[in-house]
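Work through the exercises below with the model open. Try each task before reading its solution.

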Amino acid sequence: MAWALLIINTLGSTGAKTVIPLPRSVSQLVTMGSLMTAFVIALVLNKHLRIRPSAYLLLLTLLLLSSILASADLKEGAGALFRCFRLTVFVSTLWLLTRWWDGGFAFVRSHIRTYGIVLASVAIGLVISPGNAMPEEYGGRLSGAVWPLTPPQIGQYAAVIAGLTLLLWFGRRTTWRSALVIVVPVLGLLLLTHTRTATLGLIAGLLVAFLSMALTSARARKVFAWTAGIGGVAGIVLAGALQAWFLRGQSADNFSSLTGRAKVWDALLEAPRTTSEYIFGVGLTDKSYDGLPIDNSWLAIYHEQGFVGIALVAAFLLTLVVVAVLRPPSLARACAIFLITYCISASYTEAGLGDASPYLLHLALAASLLVRGAPQTDEEAFIPSKGASVRGAGA
């Protein structure tokens, strides 16, 4: 429940027009209330404050302290301190939940369930109000008509759920029927969002995850070979349709500038800054510059937390990568590698690595899967024991 509430907190409160008008103050109350409830639940269950050591959370805590220091002078107003408070509660809740980080798949299933419910609400909104679900302001891309969600958010959730479910099916942790019920509609929603970042992140994450298992698992090599072959043929046959889907009707200039992102990035980098702002940043903001979204995790961190923030985020990403490489091959490691790869690839056109966001939750999930002493070896991960039952990912 605490993990599900953390996910609700990171849904945000802005997006397309909903079927039932939802004032932003109400949605903010729901998201912030979810965070505080998650913290209380975690604290009640872990009242003796038993936590596991975590290099990822330690570096994230240092990033929090740096953010508080940068926000203290109120250059970005009182909102910066409120965002620091939110990040403090968010990180504290993750620390409390480390007691249950054991390298198992309980948090993975909770991740899939909760985001599955969120995507189910998106599908319901599409059925009852197609006009609100695919508004002109987003170029006809799928948005949230029940809860205000943007196309990139929906694409991200769909890509992560699809990737994790496919890996669970590969590791015989779910049946092919359960995987089919989840993956097919989720990929359909992903296609309707026309989200290139999520699509490429899904492909890159699965590619690296399967390659990490290819040397020790014949099943991984077989699945990888079949996927590469079918994907190559489909890419040739559907080249025109794929190109049209990726371009989304944009001009060559708009596509090359990443839908205008490059112009915001150039303006941000050219803006004059003090020495203190170079080192610590200006404090936590709404991830925008001059009224326009930054849409790049590294530039958002540079703007808000300076070079110190960039160093800390790079450090916890590098730590997760190194730990994943050093762990013995297993399904848990493959899932962690998928999540890490997805977050790194998405960081180029999405912000979120420096503040409470789904990306930090994905990485926390990866860290929980990489805990030393995970009960599975490579063979145990991919071949169920005799007589063992296969559990569905959505069970």
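**Exercise 1. A buried histidine**

Task: Find the polar partner of the His-111 side chain, then describe the surroundings of His-111.

Solution. This is a predicted model.
- Step 1: start from the side chain. That of His-111 makes a polar contact with the side chain of Trp-3, at 3.0 Å.
- Step 2: His-111 sits in helix H5, residues 106-128.
- Step 3: The relative accessibility of His-111 is 1%, so the residue counts as buried. The cut-off for buried is under 20%.
- Step 4: list the contacts, skipping neighbours within four places in sequence. His-111 touches Trp-3, Ile-7, Val-160, Leu-164, Leu-361, His-362 and Leu-365.

**Exercise 2. The nonpolar cores**

Task: Which residues of the largest nonpolar core touch the most other members?

Solution. 
- Step 1: The core has 95 residues, and Trp-3, Tyr-56, Phe-90 and Phe-316 touch the most other members.
- Step 2: find the main contributor. Helix H16 (residues 331-346) gives the most to this core, with 12 residues.
- Step 3: look for another core. A second, separate one has six residues, among them Leu-268, Leu-299, Ala-300 and Ala-351.

**Exercise 3. Around Leu-6**

Task: Is Leu-6 buried or exposed, and what does Leu-6 contact?

Solution. 
- Step 1: locate Leu-6. Its helix is H1, residues 2-9.
- Step 2: read the accessibility. The relative accessible area of Leu-6 is 0%, so Leu-6 is buried.
- Step 3: collect contacts beyond four places in sequence. Leu-6 meets Leu-35, Ala-38, Phe-90, Thr-93, Leu-94, Leu-97 and Leu-361.
- Step 4: take one C-alpha distance. Leu-6 and Thr-37 are 31 residues apart along the chain, and their C-alpha atoms are 9.0 Å apart.

**Exercise 4. The salt-bridge network**

Task: How many salt bridges does the whole structure hold, and which residues form the network?

Solution. 
- Step 1: count. A search of the whole structure gives two salt bridges.
- Step 2: take the pair Glu-304 and Lys-287. Their closest N and O atoms lie 3.2 Å apart. Glu-304 is in helix H15 (residues 297-326), while Lys-287 is in the loop between helix H14 (275-280) and strand E1 (288-289). The two are 17 residues apart.
- Step 3: take the pair Asp-355 and Lys-287. The N to O distance of this salt bridge is 2.9 Å. Asp-355 lies in the loop between H16 and H17, 68 residues from Lys-287.
- Step 4: join the pairs. Lys-287, Glu-304 and Asp-355 form a network of salt bridges.
- Step 5: check burial. Asp-355 has a relative accessible area of 5%, so this residue is buried. Lys-287 is buried too, because its value is 17%, under the 20% cut-off. Glu-304 is also buried.

**Exercise 5. Positive phi in loops**

Task: Where do Leu-49 and Arg-172 lie, and what are their phi angles?

Solution. 
- Step 1: Leu-49. Its phi is near 55 degrees, a positive value in a residue other than glycine. Leu-49 belongs to the loop between helix H2 (24-45) and helix H3 (55-71). At 52% relative accessibility, Leu-49 counts as exposed.
- Step 2: Arg-172. Its phi is near 60 degrees, again positive in a residue other than glycine. The loop between helix H7 (151-170) and helix H8 (176-193) holds Arg-172. Its relative accessibility is 34%, so Arg-172 counts as partly exposed.

**Exercise 6. Whole chain and confidence**

Task: Where is confidence lowest and where is it highest?

Solution. 
- Step 1: survey the chain. The protein chain has 18 helices and two strands. Of its 395 residues, 50% count as buried.
- Step 2: take the average. The mean pLDDT is 87, and 88% of the residues score at least 70.
- Step 3: compare elements. Helix H18 (residues 378-382) is lowest, at a mean of 41, and helix H17 (residues 358-369) is highest, at 97.
- Step 4: The pLDDT is below 50 over residues 374-395, a stretch with 47 contacts in the model beyond near neighbours in sequence.
- Step 5: apply the caution. Where pLDDT is low, predicted coordinates should not be read in detail.

Conventions:
Residues numbered from 1 in each chain as written. Predicted model: local features only at pLDDT ≥ 70, side-chain atom pairs only at ≥ 80, totals over all residues. Heavy atoms only, no water. pLDDT = per-residue confidence, 0-100. Helix = DSSP H or I, 4+ residues; strand = E, 2+ residues; numbered from the N terminus. Contact = heavy atoms within 4.5 Å. Core = buried A, V, L, I, M, F, W, Y, C linked by side-chain atoms within 4.5 Å. Buried < 20%, exposed > 50% of the residue type's maximum accessible area, 1.4 Å probe, protein only. Polar contact = N/O pair within 3.5 Å; in protein donor to acceptor, adjacent residues only side chain to side chain. Salt bridge = Lys/Arg side-chain N within 4 Å of Asp/Glu carboxyl O.
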